[in-house]
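Had a look through this one and jotted down some notes. Here they are, point by point.

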Amino acid sequence: MWRRVALLSSSISSSFLAQTASRLNTWESLTTGIAQQAKGVIAPKEKTPFITFVLGGPGSGKGTQCIKIVETFGFAHLSAGDLLRREIASKSADGAMILNTIKEGKIVPSQVTVKLIQKEMELSDNHKFLIDGFPRTEENRVSFEQIIGVEPNVVLFFDCPEEEMVKRVLNRNEGRVDDNLETIKKRLTVFQALSLPVINYYSEKGKLYTIKAIGTEDEIFEQVRPIFAAFEQTVG
């Protein structure tokens with residue numbers, strides 16, 4: 001999708017019109033919709049993307065909650081971690097670099113991750129996206145906004161005690177390359193140092209919703225549900 005840019009209603013205020021038009025023009029330049037326009041293809045209207053960032057340390061339960069959000073509200077779930085692991089499995093040049101970076105408990109370069117997310121968004125027929133595990137740093141955040149050309153509408157932060165996160169990760173037995181005690185500790189250190197500034201940034205912008213990630217999956221989801229229910233009529 002995102003190959004076509006909708007005409008905006010004349011009833012929209014001039015300031016909102018300028019801001020939205022700028023973002024949509026940036027998005028259009030990133031897609032193959034330009035080629036279609038060159039061929040004279042007239043595209044129907046499309047909805048502006050509704051983007052939710054989902055943040056939390058390893059084992060905070062954000063992935064499980066994303067599944068419930070997808071099932072309940074019809075979002076497309078883009079897990080930054082899954083995209084990176086898929087790239088590793090592809091045996092590409094980037095995959096080898098990503099694997100070594102993850103093993104060291106470090107963060108993959110922003111442009112690499114944003115490129116993978118961008119590709120998935122362009123291929124999707126959905127306009128509502130849950131971007132899980134990203135942005136993890138201020139550099140991630142800035143790169144996403146510069147490359148994709150939009151900011152998130154909502155940012156969820158799953159707040160969970162460190163000892164609980166470690167226990168969950170060690171017990172999930174999913175065979176991930178980064179699911180071992182040494183790497184988990186490195187990831188938690190990195191999260192505290194680099195991700196908290198991102199969380200604080202979105203808190204100041206009024207876009208952050210903090211979820212207390214302790215309890216059953218259903219108990220935690222009861223904190224999440226009202227957030228998206230409030231947007232459901234306007235987002236579609």
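1. What covers the buried residues of H3? The cover includes strands E1 (50-56), E2 (76-79), E3 (128-132) and E4 (154-159), plus helix H10 (217-235). Contact here means heavy atoms within 4.5 Å. Helices (H or I, at least four residues) and strands (E, at least two) are DSSP runs, numbered from the N terminus.

2. Before going on, some ground rules: this is a predicted model, where local features need pLDDT of at least 70 and side-chain atom pairs count only at pLDDT 80 or more, while totals for chains, interfaces and linings use all residues. Residues are numbered from 1 along each chain as its sequence is written, and side-chain values use heavy atoms, with hydrogens and water left out.

3. On H3 (residues 62-73), the buried set is Lys-62, Gln-65, Cys-66, Lys-68, Ile-69 and Phe-73. Buried means under 20% relative accessible area (1.4 Å probe, protein chains only). Down the H3 axis these residues fall within an arc of 165 degrees, so they line one face of the helix. The arc is taken from the directions from the helix axis to the C-beta atoms. Just after H3, Gly-74 has a positive phi of about 75 degrees.

4. H4 (residues 80-89) buries Ala-80, Leu-83, Leu-84, Glu-87 and Ile-88. Their arc around the axis is only 145 degrees, which puts them on the same side of H4. Their cover includes E2, E3, helix H5 (93-103) and helix H6 (110-123). Just after H4, Lys-91 takes a positive phi of about 65 degrees.

5. For the whole chain, I get 10 helices and five strands, with 45% of the 236 residues buried.

How values were computed
Buried < 20%, exposed > 50% of the residue type's maximum accessible area, 1.4 Å probe, protein only.
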